[in-house]
Amino acid sequence: DRAALGQFRGRPTRTADGKAVQLYGNIGSVADAQAVAEATGEGVGLFRTEFLFMDRSALPTEAEQFEAYKAAAQLFPAGEVIIRTLDVGGDKDIPYLGLTKEENPFLGFRAVRYCLDRRELFLTQLRALLRASAFGPVKIMLPLVTRLTELRQARALLEVAKGDLDREGIAYNKDIPLGIMVETPAAVLMADALAREAGFFSIGTNDLTQYTMVADRGNPQVAAIGSPFDPAVLRAVRQVIAAGHAGGIPVGMCGEAAADPRLIPVLLSFGLDEFSVGGSSILAARREIARWGKVDADWVAAGAMELETEEEVRAALEESIRP
Ligand code: PEP
Ligand code: MG
């Protein structure tokens, strides 16, 4: 029988044999951050900053962004607050940004590609993030990285922003980590190289599944193909975690798969360091993590990874979580 959820409130997140893992929340606003704190999440694994840019007619100022990032950071003094730079384009349109209509928006000018092109917009966000890092444990995360060059270019701009703040005498964390989302097949294939230069990885299974399976995440006609249970996706996830650890960096997951009780033993077996889930899933995820020790999780994962179809993997994992 599953233990009652309430008893997991405020408890450390540990596997059945006592290994600590980080359990964070996904947020789009400071109100969401408060909900994660109330649910006793230990930090933020994904702050989708595009929500600060939506439902308005002009860019948020540096001061507005700073206040939001600072407020989120101050809620988790002992944790981490991973803030993703603007992830626009694809399905996320913001009219005043002047994105042109594209035939294949999911393969187009979006996310880090857009930000590297809009230098002033990006520098403003980086300055706000750096300033917030003086008030709490902020980490910066780049969305939709496909090439090592993008990480290097972003790091160069981060250095520009730091130089500006130095000249202005404004405080920030000089060692602020700069990490990436791994959510494209190119990033999976280059994960060994990326791990040498990124401060951390966070696997975005929503996009990674879409791009690996070539199945639009918003199209119900191909939803069954775009499944995180597909062995192709699970092999990608396993490879990214191994590459991150070989490079000495922590690996988290902030896609929806991180909250799926059927996948939690597999992710634990792969060695995932950090799970980031919706605020309302935190206690349930903590309970699922607490059910699994290494021997059992390894057994389930090894069995699943021998299978070669989505249907078989999903059936096996469903069987494994029966109470
Ligand atoms: C993802 O792609 O898995 C992810 C967490 O980012 P988003 O859902 O915002 O694209
Ligand atoms: Mg994504």
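Because the model is predicted, local features need pLDDT of at least 70 and side-chain atom pairs count only at pLDDT 80 or more, whereas totals for chains, interfaces and linings use all residues. Residues are numbered from 1 along each chain as its sequence is written, and chains are lettered from A and ligands numbered from 1 in the order in which they are written.

**View 1. The protein chain as a whole.** The protein chain holds 14 helices and eight strands, where helices (H or I, at least four residues) and strands (E, at least two) are DSSP runs numbered from the N terminus. Its radius of gyration is 19 Å, close to the 20 Å that the globule rule gives for 323 residues, so the chain is as compact as a globular protein of that length; the radius is taken over C-alpha atoms, and the rule is 2.2 Å times the number of residues to the power 0.38. Along the principal axes, the C-alpha atoms fill a box of roughly 55 × 45 × 35 Å. Buried residues make up 46% of the 323 residues, a residue being buried if 20 or more other C-beta atoms lie within 10 Å of its own, exposed if 12 or fewer, and partly exposed in between, with C-beta atoms placed from the backbone.

**View 2. The shell around ligand 1.** Ligand 1 is surrounded by L46, R48, D87, E183, G204, T205, N206, D207, C254 and G255, each counted as near if its C-beta atom, placed from the backbone, lies within 6 Å. The elements that give two or more residues to this shell are β2 (44-48) and α9 (205-213), and the largest share, three residues, comes from α9. By class, the shell has two nonpolar, four polar and four charged residues; here Ala, Val, Leu, Ile, Met, Phe, Trp, Tyr, Cys and Pro count as nonpolar, Asp, Glu, Lys and Arg as charged, and the others, Gly among them, as polar.

**View 3. Strand β2 and its partners.** Four of the five residues of β2 are buried, so that the strand is mostly covered. Strand β1 (residues 22-27) runs parallel to β2 and is joined to it by three bridges, with G25 standing opposite V44; two strands pair if DSSP finds at least two bridges between them. β2 also pairs with β3 in the parallel sense over three bridges, and V44 has V81 as its bridge partner in β3.

View 4. β4 pairs in the parallel sense with β3 (residues 81-84) over four bridges, and three bridges join β4 to the parallel strand β5 (residues 178-182).

**View 5. K92 in its loop.** K92 lies in the loop between β3 and α4 (111-117), and K92 is partly exposed, with 18 other C-beta atoms within 10 Å. Leaving aside neighbours within four places in sequence, K92 is in contact with E50 and D87, contact meaning that C-beta atoms, placed from the backbone, lie within 7 Å. K92 and F51 are 41 residues apart in sequence and 9.8 Å apart in space, C-alpha to C-alpha.

Note on methods
Two residues are in contact if their C-beta atoms, placed from the backbone, lie within 7 Å.
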